[in-house]
Amino acid sequence: YEIAKYLYFFLKILFFIEIKLITFLQTKNLNQKKFKQCAILYDTLFDRPNNSTDIINSRIFKLIDCERTLLLNESDSKSAWVEMANSKGYNSVDLNNIFQYGSRLKYLLKYYLSDFYFKLELLSISFIHPYLIHSLFECYKSRTLWNMFYLIFQINICNRFMSPGLRSSNVVHHKNKTKTVFTYFSNTEPLVMKNYYSSPICYDYSYMNFDYLICSSLSKNFFELCENNVKEYICLGPVYADLIISARKNYKFVKNRCDIDINKKTISFFDNTIGCIGTQSFEEYCEFLSSMDTICKKYPNFNVIYKCKKNIKNVLESGGCLVKNLFSKVNKNTNFFDLSNNDLSSFEIIGVTDIVVGTPFSSVSYESLSSSTKTLIYDPFQKIKKLDNPSKHIPNLIANNTRELSNLISYWIYDVPKNDFVNYLEKQVESYIDIVDNDSADVSLIQKYKKLINNLN
């Protein structure tokens, strides 16, 4: 298998650009408008990437000045959002098809020779380190496609969201004097407050090379422990907190969309990804389901909402009979509402919730706290206790069993009035995360973000 893999990618490197030049004739014309920015989007940024209504109304478009921005799909597979966005008047292209739009002659004159020598260098590296062959191919492909891109467009900013992409692509951007921006929405806490080793604490977001990284203060602490080369961090706060505050102001409308009693207190549970790439194990998820059942029975006059991060059907199927039985048990409670398939986002649900229950290392917990929502973390296996992360140092935040969870829910709802909670956020939480002022009508982090990106031009 390894020999076949090596030969396959060796040949792809050897003939990649030649196949592109022969296959794609210049048959398509792009809008001749001069774009100032390029935004790289992925299917994972959309809740339902094959639903045209969901795509156009997606919250990601709230952050993009679509009049001045070219939308780009950098993934290998063809994404449905590209054609859907074009049909609605946006300007979107697939980077893999960029040779359809550019002049092959210009590429041959300006880049072919340098890319050819670069190809030979990569192939020579593959002889010494054959296990790198796939990464070497991705590096070569990225360089050649972006070189053709810059023959067509002269942009000032290249903006990525959530996924840093190939590290090598930023080399081409910087060569063309394009400012690179990485926008990270999530509130990710570092697993440790201080890195005691020279290696990064998370390899998925390590060794990045950007001019600007826009994120929350909490995520900034996380990225600083990942051995990155970032010229400037811009702490804007949790950008989507606007959606939580908007839902809170229109809570009757949002609750009606949930089909729940607007006069009852509401507790919302949010899980996280389960398995090797997630933060919840199978055993933890079972405890999580059991805790919802306990709270439903303990507080029968409360609405108990559940929002699954992934496709609930897939989660139940992968969990087997035990998970199905536990979910069926909790679903029998008349005050339980499964909104996993509801089109309400987690931000909107937080906005109409009296108290949020999240899982260890989930960004939902911090997004909830950032919007001044009472929040708990259910940690039955005491994972946080073993680490030195921020949530460990915030009092009355973590419940290690259902008894503690029930008691803390009662404490926050009945014993802590709004003013005391505001003081709690200021004294115990604000040193770790950004708190959005709910009462400031003119505060719009989304508008601030768009203004910031435009000013970087």
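Modeller: T273 sits in the loop between β8 (266-270) and α11 (282-298); helices (H or I, at least four residues) and strands (E, at least two) are DSSP runs, numbered from the N terminus. Please keep in mind that this is a predicted model, where local features need pLDDT of at least 70 and side-chain atom pairs count only at pLDDT 80 or more, while totals for chains, interfaces and linings use all residues. Residues are numbered from 1 along each chain as its sequence is written, and side-chain values use heavy atoms, with hydrogens and water left out.

Is T273 buried or exposed? T273 has a relative accessible area of 11%, so it is buried (buried means under 20% relative accessible area, exposed over 50%, partly exposed in between, with a 1.4 Å probe and protein chains only). Leaving aside neighbours within four places in sequence, T273 is in contact with G278, T279, Q280, K309 and K310, where contact means heavy atoms within 4.5 Å.

Now compare a residue in a strand. N159 belongs to β4 (residues 157-161), and N159 is buried too, with a relative accessible area of 5%. Beyond its neighbours within four places in sequence, N159 is in contact with C38, A39, I40, V181, F182, T183, Y449 and I453.

Next come the nonpolar cores. A nonpolar core is a set of buried Ala, Val, Leu, Ile, Met, Phe, Trp, Tyr and Cys residues joined through side-chain atoms within 4.5 Å. The largest one has 47 residues, and I267, F269, Y306, L405 and I409 have the most contacts inside it. Apart from this core lies another, of 46 residues, among them A39, I64, I214 and V364. In soluble globular proteins, nonpolar side chains tend to be buried together.

Finally, let us step back to the whole chain. The protein has 17 helices and 13 strands. Its radius of gyration is 24 Å, close to the 23 Å from the globule rule for 457 residues, so the protein is as compact as a globular protein of that length; the radius is taken over C-alpha atoms, and the rule is 2.2 Å times the number of residues to the power 0.38. Buried residues make up 53% of the 457 residues. Among contacts between residues at least 6 apart in sequence, 68% join residues at least 24 apart.
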